[in-house]
Amino acid sequence: MPTLNQLIRHGREEKRRTDRTRASDQCPQKQGVRLRVPTRTPKKPNSAPRKIAKVRLSNRHDIFAHIPGEGHNLQEHSMVLIRGGRVKDSLGVKSHCIRGVKDFLGIPDRRRGRSKYGAEKPKSI
């Protein structure tokens with residue numbers, strides 16, 4: 001505990017916050033190459049395996065990114081575009097792959113939330 005005189009002389013030091021966007025270099029999206037595709041088990045109440053991708057970004061950072069939606073076509077060395085947004089029940093996963101861009105195909109025949117999954121507008125009957 002500092003004395004009053006020490007506080008007057010030096011003041012209090014501001015606590016440094018850790019930067020969650022270190023890998024993205026403050027960019028909204030980043031391009032990367034898929035290294036491998038493991039699955040991870042989520043935190044406590046949930047149990048379904050989560051599909052994630054280890055991605056090497058264009059700035060040489062390696063991160064884990066979530067693969068949204070049902071099914072995917074990603075293989076090793078596929079090009080993907082990464083956006084921010086953490087996955088609450090997967091530890092250390094702080095970004096998402098964007099569907100329908102680069103080598104990552106969108107979900108065909110999707111009707112709702114199409115823009116999030118790179119699906120094209122269905123032809124009207």
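In this predicted model, V33 stands opposite M79 in strand 5 (strands are DSSP runs of E of at least two residues, helices runs of H or I of at least four, both numbered from the N terminus). Residues are numbered from 1 along each chain as its sequence is written. Local features need pLDDT of at least 70 and side-chain atom pairs count only at pLDDT 80 or more, while totals for chains, interfaces and linings use all residues, and side-chain values use heavy atoms, with hydrogens and water left out.

Confidence comes first. The protein averages a pLDDT (the predictor's confidence in each residue, from 0 to 100) of 91, and 99% of the residues score at least 70.

Strand 1 has two partners to consider. With strand 5 (residues 79-84), strand 1 pairs in the antiparallel sense over five bridges; pairing requires at least two DSSP bridges between the strands. Strand 1 also pairs with strand 3 (residues 50-57), again antiparallel, over four bridges, and here G32 stands opposite L57.

Strand 1 (residues 29-36) also holds R34. Not counting residues up to four places away in sequence, R34 touches residues including A53, V55 and L74, contact meaning heavy atoms within 4.5 Å.
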